[in-house]
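Subject: Handing over a structure

Hi there,

Here is the structure I promised to pass on to you. My notes on what turned up in it follow below.

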Amino acid sequence: MLLNIVKRHPYNGHMSEIVATREGAILTLSINRPAKMNALTRAMYGELAKGLNEAAGDFALRCVVITSEGDHFTAGNDIKDFMDNPPTDEDSDVGVFLGALLNFPKPLIAAVKGNAVGVGTTMLLHCDVVVASPTANFSMPFTSLGLVPEAGSSFLFPQLVGYQRAAKIFFTGEAFGADEAKEMGLVASIAPDAYGEAMKIAQQIATQPPQAIINTKALLKARQHDSVAAVMRAEFQLFAMALQSDEAMEAFMNFMAARGKK
Ligand code: COA
């Protein structure tokens with residue numbers, strides 16, 4: 001289904017809940033499920049991975065921008081999907097998405113507004129430039145859900161902010177805003193029109209010699225690539241086990257019950 005749409009309308013197809021738009025050498029992937037605060041389902045991870053992998057192999061594309069429709073970036077993994085379709089290994093859609101993120105060879109820019117929960121924050125650790133709106137609110141409430149950090153964040157986040165600050169944020173699940181994220185180095189800049197600013201940066205990058213950009217990104221990431229891949233594998237094993245735990249089930253049921261779901 002997805003393949004057919006992409007063949008007929010390369011990159012400008014309405015990829016269900018991920019909208020892919022090509023503007024010159026820049027591909028925008030926009031998370032589009034605002035009624036559920038852009039919570040990510042298995043299918044959406046699959047579409048994001050497909051968009052990234054196609055962009056990686058398309059010489060004419062120089063840069064990808066990840067953004068969202070509505071007022072929020074994403075509320076993270078869809079909780080019902082966690083219960084109905086728990087990912088069990090790295091070949092699952094979320095695993096393929098995380099692999100595509102880790103290995104994406106071109107500049108990846110994110111424009112973040114509103115809530116960026118769970119993977120909504122951890123995916124930013126793989127982006128090359130993050131622009132946040134003043135409304136951005138970041139959180140990684142894995143432990144509150146009976147889960148563990150993912151997407152390499154148990155390695156990348158303490159590396160970015162220091163061990164104790166990372167431990168406090170992971171252990172308490174506390175959120176932080178755009179100013180703190182900028183001070184941490186999780187975001188490069190804050191702009192009321194985060195997407196407009198991200199596109200400006202992408203356009204600037206797109207005028208640069210493309211092979212020099214790809215080689216520079218490879219050098220910037222080289223030191224940590226294999227460590228992150230190994231940490232992601234370890235996290236995945238623990239995460240898959242945690243999804244089956246009583247702690248996680250109770251947290252998921254509480255989330256559903258509070259919203260009048262079964
Ligand atoms: N999975 C599935 N649905 C989600 C969701 C998620 N992760 N996050 C939000 N939604 C849905 C809500 O069920 C609601 O839809 P409904 O009206 O059909 O029930 C809609 O999105 C709006 O969310 P709501 O909770 O009403 O908004 P809020 O402003 O009161 O709270 C949050 C915002 C982010 C604090 C809250 O939605 C939340 O905690 N979400 C779960 C975040 C999470 O734990 N993600 C997984 C991280 S690993």
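In which strand is Ser139 found? Ser139 belongs to strand E8, residues 137-139. Helices (H or I, at least four residues) and strands (E, at least two) are DSSP runs, numbered from the N terminus.

Before going further, please note that this is a predicted model, in which local features need pLDDT of at least 70, side-chain atom pairs count only at pLDDT 80 or more, and totals for chains, interfaces and linings use all residues. Residues are numbered from 1 along each chain as its sequence is written, and side-chain values use heavy atoms, with hydrogens and water left out.

Back to Ser139: at 10% relative accessibility it counts as buried. Here buried means under 20% relative accessible area, exposed over 50%, and partly exposed in between (1.4 Å probe, protein chains only). Not counting residues up to four places away in sequence, Ser139 touches Ala116, Val117, Gly118, Thr121, Gly173 and Ala175, where contact means heavy atoms within 4.5 Å.

**The nonpolar cores**

A nonpolar core is a set of buried Ala, Val, Leu, Ile, Met, Phe, Trp, Tyr and Cys residues joined through side-chain atoms within 4.5 Å. The largest one has 66 residues, and Leu124, Phe138, Leu147 and Phe157 have the most contacts inside it. Helix H10 supplies the largest share of this core, with 7 residues. Apart from it lies another core, of 16 residues, among them Val129, Val131, Ala191 and Ile201.

Leu124 is in contact with Phe73, Ala110, Val112, Val130, Phe138 and Leu186, leaving aside its neighbours within four places in sequence. Ala110, one of these partners, is found in strand E5, residues 108-112. Ala110 is buried, with a relative accessible area of 0%. Besides Leu124, Ala110 touches Ile66, Cys127, Val129, Val130 and Val131, again not counting residues up to four places away in sequence. From Ala110 to Ala198 the C-alpha to C-alpha distance is 6.9 Å, although 88 residues separate the two in sequence.

**Helices H6 and H10**

Two packed helices are described by the angle between their axes and the distance between the axes. For H6 (residues 153-161) and H10 (residues 210-243), the axes come within 8 Å and cross at roughly 130 degrees. Axes are lines fitted to C-alpha atoms, for helices over the stretch in contact, and angles run from 0 to 180 degrees between N-to-C directions. H6 and H10 are therefore oblique to each other; angles under 35 degrees count as roughly parallel, over 145 as roughly antiparallel, 65 to 115 as roughly perpendicular and the rest as oblique.

On the H6 side, Ser153, Ser154, Phe155, Leu156 and Gln159 make the contact, and on the H10 side Gln224, Ser227, Val228, Val231 and Glu235. By class, this contact has 4 nonpolar, 5 polar and 1 charged residues. Ala, Val, Leu, Ile, Met, Phe, Trp, Tyr, Cys and Pro count as nonpolar, Asp, Glu, Lys and Arg as charged, and the others, Gly among them, as polar.

**Salt bridges**

A search of the whole structure finds 10 salt bridges, each being a side-chain nitrogen of Lys or Arg within 4 Å of a carboxyl oxygen of Asp or Glu.

- Asp128 and Lys217 meet at 2.7 Å, N to O. Asp128 lies in the loop between helix H5 (119-122) and strand E7 (129-132) and Lys217 in H10, so the pair ties together parts that are 89 residues apart in sequence. Asp128 is partly exposed at 32% relative accessibility, whereas Lys217 is buried at 8%.
- Glu17 pairs with Arg33, the closest N and O atoms being 3.9 Å apart. Glu17 is partly exposed at 31%, while Arg33 is buried at 16%. Glu17, Arg33 and Asp78 are linked in a network of salt bridges.
- Lys168 pairs with Glu174, with the closest N and O atoms 3.2 Å apart. Lys168 is partly exposed at 49% relative accessibility, and Glu174 is partly exposed at 29%.

**Two backbone details**

Most residues other than glycine have a negative phi. Asn38, in the loop between E3 and H2, has a positive phi of about 60 degrees and is buried, with a relative accessible area of 1%. Ala151 lies in the loop between E8 and H6; its phi is positive, near 60 degrees, and it counts as buried at 1% relative accessibility.

Best wishes
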